[in-house]
Amino acid sequence: MRTWGPSAVLAAALLVPASMLSTSATAGARTGGAPVRRLPAGAPPCPNVPAPATRPPQPPPAADPVARTVGGAALATAGLALPPAAPAPPAVTATSWVVADLDTGAVLGGCGPHEYGVPASVQKLLLAATMLPRLDPDREVTVTDEDLAIEPGSSAVGLVAGGRYRIETIWLGLLLKSGNEAANALARLGGGPDGTAGGIRAMNEEARRLGALQTHAVTPSGLDGPGQFTSAYDLALIARACFADPAFRRYAATRTAQVPAQPALRAKAFRISNDNLLLDHYPGAIGGKTGFTDLARHTYVGAAERGGRRLVVTLLGAEIPTQRGWQQGAALLDWGFGLPRDAAVGRLVRPGELDRAAASPTGAASALAGGAGLGGSGAATGAWPGTGPSVAVGAVLVAGGAVLLARRRRHAALAALPPGTASRAAPEDD
C-alpha cells in the first residue's frame, strides 16, 4: 500500500467506498468527517461560498510533493496563492481554481492550484489539444455505433450512426454542445490502429508533454471513470495549448453552427448553440468549456481579452446555489484583470519543458521553482521565461528532479492500463 503513487490512490478512491480505504489520505473518512487538508504555515484559506453538501464522499488522493511544485513553490498549497498586496479574490464555491495569463504564462493567483479534482467535460480540452494537430478538419468521416455508445442522459450533439460529417462539424459539436459521441469519434479517428484506446493513450502522452503531471484521462469525453483526475493548474496548461491553436480559437468563439442533414438516414439538419454563456455575457470573452458530472460537480474553463491581456480561469468542484460555473469564472477573471501586469505567484511551464528538464538538474530546478524570481517568494521579477534558480535551493530541487522522473514513470505505467468503465453522469448544464 505504501508504494502506491497518487494515481493509484485516486483510482482506488473512485472504485472503493471511502469507509473501506486504509491509506493515510482517508483519515477523515475513517472518523466520519471529510479529510482535513492542512495548509502550510501562513497560507490563507480560500474564500468559499457555503455550498450544498452534495460533493462526492471519496477522499482526495495523496499529495505528490514534486508535482505540486511544478510552476513554482508558492503553488504547492491547499489554500490561496496570491501576489503581494493583491486584493482578496471573490468567494466562489469552486474547491480549486487558477487565473493565468495565456500569453506570458504567469499564474496570477489560485486556490489549491495543484489539488486533485475530477474534470468532467473540461477534459475535452485535452482531447482538443491532442487531436487538433492530427485531424484534417475538411476530411469527411463516418460516425459509428461505437461512437454513440455513451452514457444514457449524458450530453450529446445529435450525430447519427452511419452519418457522414466533416471533422470540423464534429469539433463544433464537441466544443459547442459538449457532445460525448463527438469526443468518442475524435478519439477514435486520431487514435491510430488502436482506435479510441489509442486516442486516450495519446491524450495522456500529451498531458505529460504539456507538464500536466496531475492529469490522467480514462475517457475521451470526461465522463467519469476510475483513476481519472486533473488539477486547476493542469487545466490552465491544457487551455493555454488549446488557445495557441487558431482553429480552436475559432471553434471556441463560435456562437452557432449547422449540423448537416443525413438524407440517406432520414436525419434532418439542425442548429446548435454554444453552451458557454461567458461568450454572451462577458465583454472580451474568447471561449472556454463547461463541465458537469455527479462526481466532478461543476467544472469550468473560460478565457477573455481586455486591455491587450488574455487571461484564462480554470475551476473545479463548484456548486451553483447562486452562481453558475461561468459566473464564478467571470468573477475571478475580473479579479485577475484588476491585478498589475507584473503580478504573479508562479508560471505555466512550456510544452516539453519537463521532458527537457529531466535531463538537466538546473532545468528541473527552474521548472519546479517556477523560474527566476519565483522560488516560493510569490513575486515575479525580470523577463518571464525563467532562467536558473538560486544556488541556495539548487541542491534540494535537483533531488526533486529525480523524484519527478519517478513520478513520470508512474504516470506512464498508469497510462498503459486499459480504460475503465465509465460511470453514469448527468448532462452538463453550466
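Trainee: Where is Pro45 found?
Mentor: Keep in mind that this is a predicted model: local features need pLDDT of at least 70, side-chain atom pairs count only at pLDDT 80 or more, and totals for chains, interfaces and linings use all residues. Residues are numbered from 1 along each chain as its sequence is written, and side-chain values use heavy atoms, with hydrogens and water left out. Helices (DSSP runs of H or I, at least four residues) and strands (runs of E, at least two) are numbered from the N terminus. Pro45 is found in the loop between helix H2 (27-30) and S1.

Trainee: Does Pro45 count as buried or exposed?
Mentor: Buried means under 20% relative accessible area, exposed over 50%, and partly exposed in between, with a 1.4 Å probe and protein chains only. Pro45 has 58% relative accessibility, so it counts as exposed.

Trainee: Which loop holds Ala85?
Mentor: Most residues other than glycine have a negative phi. Ala85 has a positive one, near 65 degrees, and at 84% relative accessibility it counts as exposed. Its loop is the one between strand S1 (80-81) and strand S2 (96-101).

Trainee: And what is the relative accessible area of Ser178?
Mentor: Ser178 has a positive phi too, about 55 degrees, although it is not a glycine. Its place is in the loop between H4 and H5. Ser178 is buried, and its relative accessible area is 0%.

Trainee: How many of the residues of H4 are buried?
Mentor: The buried ones include Glu168, Thr169, Trp171 and Gly173. H4 is mostly covered, the buried count among its 11 residues being 10.

Trainee: At what angle do H4 and H5 pack?
Mentor: Axes are lines fitted to C-alpha atoms, for helices over the stretch in contact, and angles run from 0 to 180 degrees between N-to-C directions. The axes of helix H4 (residues 167-177) and helix H5 (residues 180-190) lie 9 Å apart, and the angle is about 135 degrees.

Trainee: What orientation are H4 and H5 in to each other?
Mentor: Angles under 35 degrees count as roughly parallel, over 145 as roughly antiparallel, 65 to 115 as roughly perpendicular, and the rest as oblique. With about 135 degrees between them, H4 and H5 are therefore oblique.

Trainee: Which residues in H5 do Ile167, Ile170, Trp171, Gly173 and Leu174 in H4 meet?
Mentor: Contact means heavy atoms within 4.5 Å. On the H5 side, the partners are Ala182, Ala183, Ala185, Leu186 and Leu189.

Trainee: How far apart are the axes of H3 and H5?
Mentor: Helix H3 (residues 124-131) and H5 pack at an angle of about 30 degrees, and they are therefore roughly parallel. Lys124, Leu127 and Met131 in H3 meet H5 residues including Ala183 and Leu186. The distance between the axes of H3 and H5 is 11 Å.

Trainee: Which residues in H4 are met by Lys124, Leu125, Leu127, Ala128 and Met131 in H3?
Mentor: The axes of H3 and H4 are 10 Å apart, at about 155 degrees, and the two helices are therefore roughly antiparallel. The H4 residues met by that H3 set are Trp171, Leu174 and Leu175.

Trainee: How far apart are the end C-alpha atoms of helix H7?
Mentor: H7 (residues 232-243) has 10 of its 12 residues buried, so it is largely enclosed by the rest of the structure. The expected span of a helix is 1.5 Å times one less than its number of residues. For H7 that should be 16 Å, and the end-to-end distance agrees, at 16 Å.

Trainee: Moving to S9, what is the C-alpha separation of Gly302 and Val312?
Mentor: Gly302 sits in strand S9 (residues 297-306) and counts as buried, at 0% relative accessibility. Leaving aside residues up to four places away in sequence, it touches Leu278, Gly287, Gly288 and Val312, among others. Gly302 and Val312 are 10 residues apart along the chain, and their C-alpha atoms are separated by 5.7 Å.

Trainee: Finally, what share of the residues in the protein is buried?
Mentor: There are 13 helices and 11 strands in the protein. Of its 430 residues, the buried ones make up 56%.
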